[in-house]
Amino acid sequence: MNRGQQLIQAYRQAPWRQQVQWIGLFLIGVIFLAVIAGLYLSITARAAEHGRRIQAIRLAKETTEKEIQDLESRLAELTSIERMDEITDEMGFHVVNENQVLYLIVPGYPGRQLAWEATQPEGELESQADLPPEFTQSLLEWLGERISQWAGEAGIGELGGSR
Amino acid sequence: VNKEVRWRFTFVGASFAFVGLMIIFQMIRLQVSESARDLEKFDDPWYEEVIYPVRGQIFDRWGTLLAGSKVVYEVGLELNYIDLERGDLPKIAEVIHDYVGTKKKEIVTNARVAIAENEEAEEGEGLVLLVVDDYVPADAAQRLEEYITQYNDQTWNDANAPKLWAIQISPHLARSYPEKDLASNILGFVSLMDGRGHFGVEEYYDGVLAGEPQVVKLSSNPNMVEEMRAIPPGTSLILTIDREIQATAEAIIDEAVDQMGADTGTIGIMDPRTGEILAIATTPRLDLNEYWEYNEGYFPNRGVGYAYETGSVFKVLTMTMALNEDLVEANTTYTDYGVLDVGGALIWNWDRNARGVVTMTDCLQYSLNTCLAQLGLDLTPVVFYRYMHEFGIGDPTYIDLAGEDPGSLRDTNHPLWSWSDLGRNTFGQGVSSTVVQMLKAVSALANNGQMVSPHLVKAMVVNGKQHDIQIQSAGNPIAKKTARQITDMLVVSLEKESSDALVPGYTIAGKTGTGEIATEEGYTLEETNASFVGWGPVDDPRFIVYVWLEKPKTDIWGSKTAAKVFSRMVERLVVLMNLPPDELRLTLQGN
């Protein structure tokens, strides 16, 4: 037995040890995949949960909008001319004629104001609701976009679409 | 390998095998379970839905809601849940009939037909939901829902009891008119049949009120839910109408029609400075929430959609033309013989009397047809009809209401025109116009010669932003000086006449009109259109009021009918518009 063979023999591991090492490596791989799968599942579950919430909120928004419209109409019914006439009659008021009116000048009083029904401009609300790309792009899409951008700047030409 | 190590390998291997088997078992369980069919739709979770924006609201000038939306309910049957053998259908029909009022037989028949058709249809192509009733009021729908919940709880464990699971109650919006018949001829209505606006503002602005339906792509897979764009609601309208003035005008015209036995009545009120219509009260009106209960005669706005021969109110226009052409002044005299030959046709005064030498103011005061016909001749047809067109007679005003009648004017370009037409047109015969056309024409007289376009929308609310409608001039048919002259003449003629139209404390300019109605035998005084147009306060006009009574029975003359209605209206109007009597107003302005 030459020197080289002696060295190999000296460091050779027992076959059962090698087997255990291979199994260990395989298990590490399996565990790694399981961790990735677990993460993926966790994120997917959270995304699904949020998706469900968005669906529920959308429904709630529609319902609320309908309720608002309905309540506005009911309020208008309660303050309609017909109803107000009934109330004023019950309270003993009557319509004044032009000779019974006392006119006063109230300094600074601008008089009855015309209707102003506009609320916050919706355009601004819409822009606030836009989600930034971090929340809508996958990593690959982001990478593709970066590459396209870089290629565009470098004058290489289009490398492919991003999203 | 020793025994201990082997045992360990065996244990780990068995554990992995067990977990693996469990996973496989779970996968199989999921695939064969009843819920698995729900997963099929995730193969293509995207579906398109048409979203109809909420219809825009309509307000009066102060923000009072005149047309909005309310929640109503659709009652439907989910056909897959109906078990005919269990006796579901008769029970369902009975419950819906009791709470909603739908006919039992109708429900049973329609459901049976739909179920039979579904059995023959290919998979996925049958009817899923059968609508049995719609526009169910909230209280009825709520009571029905409560009963169904209670019944379901009671019969949950009884397999043989008929079930009400198939009944679906879903809310949606429907048009609502809180003021019922107020301004009904201005607003129009939204049809339950086609969801579109009919008549009035609802029809004219149907497109903007309804908004733009949008097709959106939605996912049933919660993992694929994306942000949905906000669907902007339909444009809301702020009208120029003042609810209080409108209600008062309607009450006054209703009373007048009743007292004077008129067929119909109309009062139009406009701000002569801006063309803003403050009210158009007409009879008959309808409760817009139940429009289907009325016949078509109730729907149009008579102030816009019906042109008629206005009679002597037209004389103010003829006199204005002559003044503007410097043919006459207030004191210019005319010798009235009671009759005048124009193109072979004899023009008589309304009472067939001659008044001798009269001034132009007298011509208006006594409403002399001969005098005005002579002015028409002096003007010449070309000039007279040029002015008529400049005043907008015979042309639509383009007011923002559906169904405008442009009226009729036979001018010299018409093949059948004759000189007698000129004679009759000068005092409002042979020419028809609407209340709104007259308001527009007279605005030139009340507004220093500048005519304004009548309109009903003051502002629009689009996507939360309010856009005010700019005032549009309709031209300057006459000079400022002429407007002043005719106003003064009408003030004097009204006061000299001690007209019923006068309102104590307020200086008003105005003119009556009694239009004979054309019949097959010619014009007759048995039936007339009584009118009055007036504006005030004359130094700073804030309103033009036009009254039209169709075929009044108590008296045929406008001076005895429409003039009274005018004064009643103005007495209330000045209070509602915070207009003090002239003397007090001028004193306050001086301070």
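Which residues does B:Val431 touch, not counting residues up to four places away in sequence? In this predicted model, they are B:Tyr308, B:Glu309, B:Thr310, B:Phe314, B:Met388, B:Ile393, B:Ser408, B:Leu409 and B:Asn425. Contact here means heavy atoms within 4.5 Å. B:Val431 sits in the loop between helix 15 (419-425) and helix 16 of chain B. Helices (H or I, at least four residues) and strands (E, at least two) are DSSP runs, numbered from the N terminus. B:Val431 counts as buried because its relative accessibility is 0%. Buried means under 20% relative accessible area, exposed over 50%, and partly exposed in between (1.4 Å probe, protein chains only).

Residues are numbered from 1 along each chain as its sequence is written, and chains are lettered from A and ligands numbered from 1 in the order in which they are written. Local features need pLDDT of at least 70, side-chain atom pairs count only at pLDDT 80 or more, and totals for chains, interfaces and linings use all residues, while side-chain values use heavy atoms, with hydrogens and water left out.

B:Gln437 belongs to helix 16 of chain B. This residue is also buried, because its relative accessibility is 0%. B:Gln437 touches B:Gly392, B:Gly394, B:Asp395, B:Pro396, B:Thr397, B:Asp405, B:Pro406, B:Gly407 and B:Ser432, leaving aside residues up to four places away in sequence.

The largest nonpolar core holds 91 residues. Such a core is a set of buried Ala, Val, Leu, Ile, Met, Phe, Trp, Tyr and Cys residues joined through side-chain atoms within 4.5 Å. B:Leu239, B:Leu317, B:Met319 and B:Phe391 have the most contacts inside it. Helix 16 (residues 435-446) of chain B gives the most to this core, with 9 residues. Beyond four places in sequence, the contacts of B:Leu239 include B:Ile58, B:Phe59, B:Ile186, B:Val201 and B:Leu456. Another core, of 36 residues, lies apart from the largest one; among its members are B:Ile245, B:Leu278, B:Ile508 and B:Val545.

Two helix pairs of chain B were examined. Helix 11 (residues 315-324) and helix 14 (residues 381-390) of chain B pack at an angle of about 115°, with their axes 10 Å apart. Axes are lines fitted to C-alpha atoms, for helices over the stretch in contact, and angles run from 0 to 180 degrees between N-to-C directions. B:Thr318, B:Met321 and B:Asn324 of helix 11 meet B:Phe384, B:Tyr387 and B:Met388 of helix 14. In the second pair, helix 3 (residues 88-100) and helix 5 (residues 138-155) of chain B cross at roughly 145°, and their axes come within 9 Å. Helix 3 of chain B contributes B:Lys91, B:Val95, B:Tyr99 and B:Val100 to the contact, and helix 5 of chain B contributes B:Ala140, B:Arg143, B:Leu144, B:Tyr147 and B:Tyr151.

Chain A has 5 helices and 0 strands. Of its 163 residues, 10% count as buried. The mean pLDDT of chain A is 81, and 84% of the residues score at least 70. pLDDT is the predictor's confidence in each residue, from 0 to 100. Within chain A, confidence is highest in helix 3 (residues 81-90), at a mean of 94, and lowest in helix 4 (residues 122-129), at 44. Over residues 120-129 of chain A the pLDDT is below 50, and this stretch has 10 contacts beyond near neighbours in sequence. Where pLDDT is low, the predicted coordinates should not be read in detail.
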